[in-house]
Amino acid sequence: MSPKEWKNGGYKEYSNEIIKQSKFAMKSKASFDNITPTIVKMKAIESYYIRNRGYNKNIEETWQKLQTWIYTNDIKSYKQMALHHDNPIITPLEDCQYIAIAVLDENEELKDLSLPTLDIPKGIYAKFSLSGKYGDVIKLIQWVYHYWLIDSGYETTTNPSYTIYHKNHFLSDDEEFVLDYYLPIKYV
């Protein structure tokens, strides 16, 4: 597609083709018309992580491994996050790098030091709060980039976007989530 075609809506067509790779996203009936983000300044976050290749249901296995590491270390207080190295509405889902993250609330002496650490960069973010089921997050990300961001007066930065889970659908029996999605932004 030519740059002119891309600019005149071709990016939405391309994105829709990627969304079609997820039967769960295709079933999503989520609406984002009533979501208004909060602009927040976030500190750098030190974390432990496990990387997953692909943005699909195999992420559940990665979260189970991270949960096992948390249990092994008897960690009582932590946050669950996901870092999106790739934008799942531009990068084919099987090629996306998704990172499951544990952020410890306190410095603890760990029994198992097998996981690598990652510092999530500080910055200004637009925070979108959402609850729903698997498949809704990809649709949210599509809406954020293709609708909200275009009309917002902001641009995204090179920092990756991330999610903070208050309830993680990959680890809950009802497969429902409550989360905040953070998009790095700058004023233009």
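This is a predicted model: local features need pLDDT of at least 70, side-chain atom pairs count only at pLDDT 80 or more; totals for chains, interfaces and linings use all residues.

Student: Let's begin with Tyr187. Why is Tyr187 called exposed?

Tutor: Its relative accessibility is 71%. The label needs over 50%, so Tyr187 counts as exposed.

Student: Where does Tyr187 lie, and which residues does Tyr187 touch?

Tutor: Tyr187 lies in strand S9, which covers residues 176–187. Leaving aside residues up to four places away in sequence, Tyr187 touches Gly153 and Tyr154.

Student: On to charges. How do you know that Asp95 and Arg53 form a salt bridge?

Tutor: Check the distance: the closest N and O atoms of Asp95 and Arg53 are 3.1 Å apart. The cut-off is within 4 Å, so the pair qualifies as a salt bridge. This pair links distant parts of the chain, 42 residues apart: Asp95 is in the loop between strands S3 and S4, and Arg53 is in strand S2.

Student: How many salt bridges does the structure hold?

Tutor: There are 7. One of them joins Lys76 and Asp74, with the closest N and O atoms 2.5 Å apart. In that pair Lys76 is exposed at 64%, while Asp74 is partly exposed at 41%.

Student: What makes Glu155 and Lys186 a salt bridge?

Tutor: The N to O distance is 3.9 Å, and the cut-off is within 4 Å, so this pair counts too. The two sit 31 residues apart, Glu155 in strand S7 and Lys186 in strand S9. Glu155, at 38%, is partly exposed, and Lys186 is partly exposed at 42%.

Student: Why can such side chains pair up?

Tutor: Side chains of opposite charge can do so when their charged atoms come close.

Student: Now helix H4. Why is H4 said to be largely enclosed by the rest of the structure?

Tutor: Because 12 of its 17 residues are buried, and buried means under 20% relative accessible area. Among the buried ones are Ile138, Trp143, His146 and Leu149. The buried residues of H4 pack against helices H1 and H2 and strands S3, S6, S7 and S9.

Student: Where does H4 bend, and what follows H4?

Tutor: Helix H4, residues 136–152, bends by about 40° at Val144. Gly153 comes after H4, and its phi is positive, near 85°.

Student: Last topic: how many cavities of 30 Å³ or more does the search find?

Tutor: It finds 1. The largest cavity has a volume of about 40 Å³. Its lining includes Tyr55, His84, Val137 and Phe170.

Terms used: Residues are numbered from 1 along each chain as its sequence is written. Side-chain values use heavy atoms; hydrogens and water are left out. Helices (H or I, at least four residues) and strands (E, at least two) are DSSP runs, numbered from the N terminus. Buried means under 20% relative accessible area, exposed over 50%, partly exposed in between (1.4 Å probe, protein chains only). Contact means heavy atoms within 4.5 Å. A salt bridge is a side-chain nitrogen of Lys or Arg within 4 Å of a carboxyl oxygen of Asp or Glu. The bend at a residue is the angle between axes fitted to the seven residues ending there and the seven starting there. On a 1 Å grid over the protein atoms alone, a cavity is a set of points where a 1.4 Å probe fits but cannot get out, and a pocket is an open set with protein on both sides within 12 Å along at least five of seven lines; lining residues have an atom within 4 Å of a point. Grid points are joined across faces, edges and corners, and a volume is the space filled by probe spheres set on the points.
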